[in-house]
Amino acid sequence: MIDLYTVPTANGQRASIMLEELALPYTVHVIDFKTKQHLSREFLAINPCGMAPAIVDREGPGGKPYAVFETMAIAFYLAEKTGKLMPKDLGARAEVYKWSAMVIADLASAFAGQFYFKIAAPEKNPYAIDLMEGRAKRFLAVLDQRLAASPFIAGQDYTVADVLTYPSATSSASRLDEGIKAFPNLQRWVDKVGLRPAVQRGMKVPA
Ligand SMILES: N[C@@H](CCC(=O)N[C@@H](CS)C(=O)NCC(=O)O)C(=O)O
């Protein structure tokens with residue numbers, strides 16, 4: 001059994017899609033930012049950064065409870081635990097590492113900045129908003145080019161890199177005025193990946 005500590009955001013959706021894809025049993029715990037639950041002593045013991053999502057695998061390495069934080073680490077941990085969605089061949093696996101790192105470090109960070117500056121900020125700074133939206137669009141364009149030549153993000157097969165990308169291309173990209181209209185290959189991939197029942201279930205967590 002896995003405890004998932006989450007919030008209804010793209011990062012939370014990445015973790016729940018992984019759990020659904022791998023058919024791992026899990027219990028959802030919603031973190032309440034309003035009461036600063038993410039900064040509580042109990043939650044900081046799971047993720048010292050005080051961020052969601054995080055998981056505790058009650059049967060972790062050595063059969064002991066094991067906490068994992070950082071969305072990409074959660075996804076890789078679960079893929080390796082089950083031997084699914086992560087290629088065995090080093091070359092194919094390196095494609096997963098590369099594209100996953102780009103999506104999390106570059107694209108998701110740009111969208112986080114866009115959210116903070118465009119939506120959360122009490123005073124709007126056009127430079128900061130344009131910078132973050134510009135970067136998000138630049139990385140979406142890179143994914144669009146990639147998907148012109150490759151059926152999935154990391155190559156021929158659906159992998160953890162697709163799971164990590166989907167919430168950015170849907171939830172986060174819905175905050176752009178034009179959505180992903182300018183990116184036809186990305187849109188085609190979103191339509192295909194969005195048909196997966198596990199993706200549909202994972203996107204609805206927490207209910
Ligand atoms: N690098 C982290 C980012 C996680 C993150 O930003 N989580 C947000 C919710 S989507 C959060 O917990 N924010 C609270 C805070 O920044 O204090 C990851 O990939 O897991």
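# Backbone, ligand shell and domain contact

Lys36 sits in the loop between strand 2 and helix 2. Helices and strands here are DSSP runs numbered from the N terminus, with helices (H or I) of at least four residues and strands (E) of at least two. The model is predicted: local features require pLDDT of at least 70, side-chain atom pairs count only at pLDDT 80 or more, and totals for chains, interfaces and linings use all residues. Residue numbers start from 1 along each chain as its sequence is written.

## Backbone exceptions

Lys36 is not a glycine, yet its phi is positive, about 60°. Glu70, in the loop between strand 4 (66-69) and helix 3, is another residue other than glycine with a positive phi, near 75°. Most residues other than glycine have a negative phi, and most peptide bonds are trans.

The peptide bond between Ala52 and Pro53 is cis, with omega about 5°. Pro53 belongs to the loop between helix 2 (41-44) and strand 3. Another cis peptide bond runs from Val205 to Pro206, where omega is near -5°. Pro206 lies in the segment after helix 8 (197-203).

Burial is counted from C-beta atoms placed from the backbone: a residue is buried if 20 or more other C-beta atoms lie within 10 Å of its own, exposed if 12 or fewer, and partly exposed in between.

Which strands pair with strand 1? One partner is strand 2 (residues 26-30), which runs parallel to strand 1 over 5 bridges. Strands are taken as paired if DSSP finds at least two bridges between them. Within this pairing, Asp3 has Thr27 of strand 2 as its bridge partner. Between strand 1 and strand 2 the chain passes through helix 1 (residues 10-21), and this β-α-β crossover is right-handed. Right-handed means that, with the strands pointing away from the viewer, the path from the first strand over the helix to the second runs clockwise.

Strand 1 also pairs with strand 3 (residues 54-57), in the antiparallel sense and over 4 bridges. In strand 3, Ala54 stands opposite Tyr5.

## Ligand shell

The ligand is surrounded by Val7, Thr9, Asn11, His38, Gly50, Met51, Ala52, Glu70, Thr71, Ile104 and Ala112. A residue is counted here if its C-beta atom, placed from the backbone, lies within 6 Å of the molecule. By type, the shell has 5 nonpolar, 5 polar and 1 charged residues. In this scheme Ala, Val, Leu, Ile, Met, Phe, Trp, Tyr, Cys and Pro count as nonpolar, Asp, Glu, Lys and Arg as charged, and the others, Gly among them, as polar.

## Domain contact

The protein chain is divided into domain 1 (2-84) and domain 2 (90-196), with bounds from an automatic or database domain assignment. Taken over C-alpha atoms, the centres of domain 1 and domain 2 are 22 Å apart. Domain 1 puts 11 residues into the contact, and domain 2 puts in 11 residues. Two residues are in contact if their C-beta atoms, placed from the backbone, lie within 7 Å.

On the side of domain 1 that touches domain 2, helix 1 and helix 3 (71-82) each supply at least two residues. Helix 1 gives the largest share of that side, 6 residues. The residues of the side of domain 1 that touches domain 2 comprise 7 nonpolar, 2 polar and 2 charged.

## Ile17 and Met203

Ile17 is part of helix 1, and Met203 is part of helix 8. Leaving aside neighbours within four places in sequence, Ile17 contacts Val163, Tyr166, Ala198, Val199, Gly202 and Met203. On the same terms, Met203 touches Gln13 and Ile17.

Ile17 and Leu107 are 90 residues apart in sequence, and their C-alpha atoms are 18 Å apart in space. Met203 and Ala128 are separated by 75 residues in sequence and by 29 Å in space, C-alpha to C-alpha.

| Residue | Other C-beta atoms | Class |
|---|---|---|
| Lys36 | 11 inside 10 Å | exposed |
| Glu70 | 16 within 10 Å | partly exposed |
| Met203 | 19 within 10 Å | partly exposed |
| Ile17 | 26 within 10 Å | buried |
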